[in-house]
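Hi,

Here is the structure I promised to pass on to you. Please open it first, and then read my notes below.

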Amino acid sequence: MNLILLGAPGAGKGTQAECICNVYGIPAISTGNIIREAVKNGTELGEKAKAFLDAGALVTDELVIALVKDRLAQPDCQNGFILDGFPRTVVQAEALDQMNVKIDTALDIEVADEAIVSRLSGRRVCSSCGASYHLEYNPSKTEGKCDSCGADLVQRKDDHPATVLERLRVYHEQTEPVKEYYSKQGKLTVVDGQGGVKDTSELVLKALEAVK
Ligand code: AP5
């Protein structure tokens, strides 16, 4: 299955991508994770992207389209993939169509803005392996430490409340039109993401069964 995950920042795309990846055995490609890793490693992409990332703005279409094109050409994507966080603009959606990949569905996880701020301000991520936690909804066993590797948990710079509000503004302005783009192609599937993680996973898997 070739799948796109849409939704506001903090709607739970990363959380659900992990669940889908386990069930369907296809790789989850998070453009956000790839960009953060590039910033951490100080690569050319990272140098170009850092200021956008920290400000809650989108990295340029040109950079992201090139990185997705490269990633989709790798052998592990031949039997399907989950795109988490791409496309984020109509220009990116058009570029994906031009790559000649057939998309089965664009699954949109809907969560109200008010819930987003609380989800993102409580998120903590492992500084070493990148595992994601939430102070209230998904706490680590030992406070401030990763369950998997024991490294310190930190808050993403762009999860500070003021930056979250900017990311939401950018989402409504630049990414919401992408829903319309796939709706017109008859490929948009909408799932309610307001419930807990398990409830949302059930809705997501049920929706994907109907697409298969
Ligand atoms: P990216 O990393 O893609 O950020 P995002 O879309 O803002 O997504 P998040 O990771 O913040 O949220 P999520 O929906 O995955 O939520 P999660 O599952 O973690 O991108 C970051 C930046 O990179 C962008 O701002 C941009 O600069 C750049 N970028 C990336 N892609 C780009 C592109 N295509 N073009 C241009 N620039 C690009 O959940 C959030 C929290 O809530 C977690 O703590 C989780 O435990 C909790 N949670 C999840 N589900 C639930 C639930 N059901 N109930 C309660 N809590 C929940």
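**What surrounds the ligand**

A nitrogen atom of the ligand sits 2.8 Å from an N or O atom in the side chain of Thr31; I call such a pair a polar contact when two N or O atoms lie within 3.5 Å, and within protein one must be able to donate a hydrogen and the other to accept it, while residues adjacent in sequence count only if both atoms are side-chain atoms. Taken alone, the ligand exposes 1,000 Å², and 95% of that is buried by the protein (accessible areas are from the Shrake-Rupley method with a 1.4 Å probe; for residues, only the protein chains shown count as cover).

Before you go further, please note that this is a predicted model: local features need pLDDT of at least 70 and side-chain atom pairs count only at pLDDT 80 or more, while totals for chains, interfaces and linings use all residues. Residues are numbered from 1 along each chain as its sequence is written, and side-chain values use heavy atoms, with hydrogens and water left out.

Back to the ligand: a polar backbone atom of Gly195 is 2.8 Å from a nitrogen atom of the ligand, and a backbone N or O atom of Gly14 lies 2.7 Å from an oxygen atom of the ligand. In total, 34 residues surround the ligand, the closest being Thr15, Ala57, Arg88, Arg123 and Arg167 (near means that a heavy atom of the residue lies within 4 Å). By class, the shell holds 14 nonpolar, 12 polar and eight charged residues; Ala, Val, Leu, Ile, Met, Phe, Trp, Tyr, Cys and Pro count as nonpolar, Asp, Glu, Lys and Arg as charged, and the others, Gly among them, as polar. The helix α2 gives the most to this shell, with four residues (helices are DSSP runs of H or I with at least four residues, strands are runs of E with at least two, numbered from the N terminus).

Five strands form an open sheet in the order β2-β3-β1-β4-β8, with parallel pairing (two strands pair if DSSP finds at least two bridges between them). At its edges stand β2 (28–30) and β8 (188–192), each with a single partner strand, so one side of each has no neighbour in the sheet. Within this sheet, β1 (residues 2–7) and β4 (residues 105–110) pair over five bridges, and Leu6 stands opposite Asp108 in β4.

The other open sheet has three strands in the order β6-β5-β7, and its pairing is antiparallel. Here β5 (residues 123–126) and β7 are joined by two bridges, with Cys126 opposite Leu153 in β7.

Helices α5 (residues 90–98) and α7 (residues 161–184) pack at about 35°, with their axes 8 Å apart (axes are lines fitted to C-alpha atoms, for helices over the stretch in contact, and angles run from 0 to 180 degrees between N-to-C directions). Their contact (heavy atoms within 4.5 Å) brings Val90, Ala93, Glu94, Leu96 and Asp97 of α5 against Pro177, Val178, Tyr181 and Tyr182 of α7.

Two backbone details are also worth a look. Most residues other than glycine have a negative phi, and most peptide bonds are trans. Phe86 and Pro87 are joined by a cis peptide bond, with omega about -5°, and Pro87 is in the loop between β3 and α5. Asn100 has a positive phi, near 60°, and lies in the loop between α5 and β4.

Best wishes
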